[in-house]
Amino acid sequence: MSSTPTKSSLSQASRGTIQRWSQTLIPTVRQAPSDAEMPSHIFMIRAGFIRQVGAGIYNYLPLAWRSLRKVSEIVREEMDAAGASELLMPAFQPMELYAETKRDVDYGDLLFTLEDRHGRKVALGPTHEEVITSLMCGALTSYKQFPLNLYQIQTKFRDEFRPRAGLLRGREFIMKDAYSFHLDLEGEAGLNATYDKMHQAYTNIFTRCGLDFSAVEAEAGPIGGSASHEFMVNCAAGEDTILVCPESGYAANVEKAEIGKRAWSFDVAPEGELVKHHTPNMPGIHMVAEHLGTTPSLMLKSIVLQTLEESPRWVVAVVRGDHEVNESKVRDAIGFAVQLAPEKEARAAGFVIGYVSPKTVDTIEMTMVVDPDALGSGSWATGADEMDHHVTGFNWSREMSNAIGNDKIKIADIRNAEAGDPSPRADGVFLEARKGIEVGHIFKLGTKYSEAIGLSVLNKDQKKQAIIMGCYGIGVSRTLAACIEMSHDDNGIIWPAAIAPFHVHIVVIKPKEPEVQAAVGALSDELAEHGIDVLIDDRAERPGPKFKDADLIGLPIRLTISPKTLEENGVEFKLRTDDAKGSMHPRDTVVQRCVEILSAVMDSGG
Ligand code: ATP
Ligand code: MG
């Protein structure tokens, strides 16, 4: 197991690349388009990394492509070191494959579909579970072939409702996706061992990319337990909310986060009579609360669910009005997967949707689960189980004595966690919210795909066995954008050396002067010999705009050569992270200084 990352060091073996600005395409601009709001989007356009083709579709220009290749190379090195091997599958996928796994329905509008000239429907791959599982049907024939872990770095398509923020959420984007195959969960060849290796490989990859990230527990899916982790770049502008326990280090996304023990009791004294109110035409709990002179946190929300079985059963989940029911937690509490009940069926069964109260447990056959916080008051507002009506003064022990006496109510953590909730891992400590960008996701799939597609082999005992799978994704293009979100200032990008398009930016003043040209040629050659990638700004521009562009593009080191620096036998040296102007450095030791600085930051994962 490759527990330590392969170091991102300057390549001793291969020469660095030297690129002249005049011979490539770096269309820097002063202004980003007005729809660009996130720093990564703004700077990637301003610094000439990307150009939009259509909504969520981009050209990757030479600078972006160089960085994307560097990220991809780090991904390859770590995946290979963890025992995976690379292949390439097509973007086009026959629709019949999706019918087998029902993802044609589950993916919904996110799936790009089209028809070929023969009227056959195809999808543009959002990921490749179906394709690789059916590939394996012919390729895996013996139990001796396990475990196997295959990956690709490939273009993915998702018809995102709101493509935004440049490469952060595209409709066409680059992903590394890996799939592993096993006969067992445990043991050296089992899914759990490969999952742990992938967890470590991802940690290595994002460390080498210079990212500040956290691995957080995510919604587990079919296997349950700690079966899924998301890798989140810590960044205030991120879309995803992560809850962390400052004491124990526990971190999970809002859907997954457990809530620590909460005290509860049915016996809270009532505060008055149960009173019915006419509440017509009030969409939303806030309007009802206002009308009743209360707040959503003093209301009960009763959500009607169904078990996902052939003959579905009713489940009613009761949470406080300001909380959200979490279907996975309901599943864990009652032992069956659930979904929101179709409204028509629920009405036919007697639920007055929009006005349901916990009292329905007295009249309808169901399982009722209640969140502890929905018991914290003696007087609640809730639905009246009657069209256009709510009640106030609802008291659990008074109104629900029949159900409570007959053990018909289960109490469990069934809501999404929030900042301020008790930590599940440390007493007296409370969860805190952080924002993040999901750059990677690892997942124990179990047999979902192999069963749907019919992937099995004969095991040691000559018994047919469905294959256990795991899948592991990294948003390669999103990683680049996330890096910029995390690392920039007002003037532009600040690249970590390992994924910067070039390491050194040589600004040439008076590039036409022969002695300047000779000095630049010798310096860039010497840098390249040490494995350093060099961008030479040889444009006939004034120094001011060239320095501005250097800050915008954000390479780690800027060297300036001019007739004046030559006179002093030196080179002006400036780190991108330095606020001050550059300072003179003797020519004969400047390459050594570059090597030392770049090696040091790359060794420490930056
Ligand atoms: P999100 O919740 O952000 O929509 P997801 O959970 O649907 O992402 P996965 O199916 O887990 O995404 O895909 C694996 C990885 O691919 C994600 O962790 C993310 O880094 C990347 N990714 C997913 N959707 C996009 C997109 N529209 N643009 C860029 N990268 C994406
Ligand atoms: Mg994900």
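Trainee: Where is Asn192 found?
Mentor: Asn192 is in helix H6, residues 191-208; helices here are DSSP runs of H or I with at least four residues, strands are E runs of at least two, and both are numbered from the N terminus. This is a predicted model, where local features need pLDDT of at least 70, side-chain atom pairs count only at pLDDT 80 or more, and totals for chains, interfaces and linings use all residues. Residues are numbered from 1 along each chain as its sequence is written, chains are lettered from A and ligands numbered from 1 in the order in which they are written, and side-chain values use heavy atoms, leaving out hydrogens and water.

Trainee: And is Asn192 buried or exposed?
Mentor: Asn192 has a relative accessible area of 18%, so Asn192 is buried, since buried means under 20%, exposed over 50% and partly exposed in between, with a 1.4 Å probe and protein chains only.

Trainee: Which residues does Asn192 touch?
Mentor: Leaving aside residues up to four places away in sequence, Asn192 touches Leu185, Glu186 and Lys444; contact means heavy atoms within 4.5 Å.

Trainee: Switching to the pockets, what volume does the largest pocket have?
Mentor: About 1500 Å³. On a 1 Å grid over the protein atoms alone, a pocket is an open set of points where a 1.4 Å probe fits, with protein on both sides within 12 Å along at least five of seven lines, and lining residues have an atom within 4 Å of a point. Grid points are joined across faces, edges and corners, and the volume is the space filled by probe spheres set on the points.

Trainee: How many residues line the largest pocket?
Mentor: There are 44, and Arg103, Tyr107, Arg158, His441 and Phe443 lie nearest its centre. Strand E22 gives the most to this lining, with six residues.

Trainee: What about the second largest pocket, what is its volume?
Mentor: That one has about 620 Å³. Its lining has 25 residues, with Gly544, Pro545, Phe547, Lys548 and Asp549 the closest to its centre. Helix H15 gives the most there, with seven residues.

Trainee: Last one: how far apart are the end C-alpha atoms of helix H14?
Mentor: They are 23 Å apart, which agrees with the 22 Å that its 16 residues, 514-529, should span at 1.5 Å a residue, taking the expected span as 1.5 Å times one less than the number of residues. After H14 comes Gly531, with a positive phi near 85 degrees.
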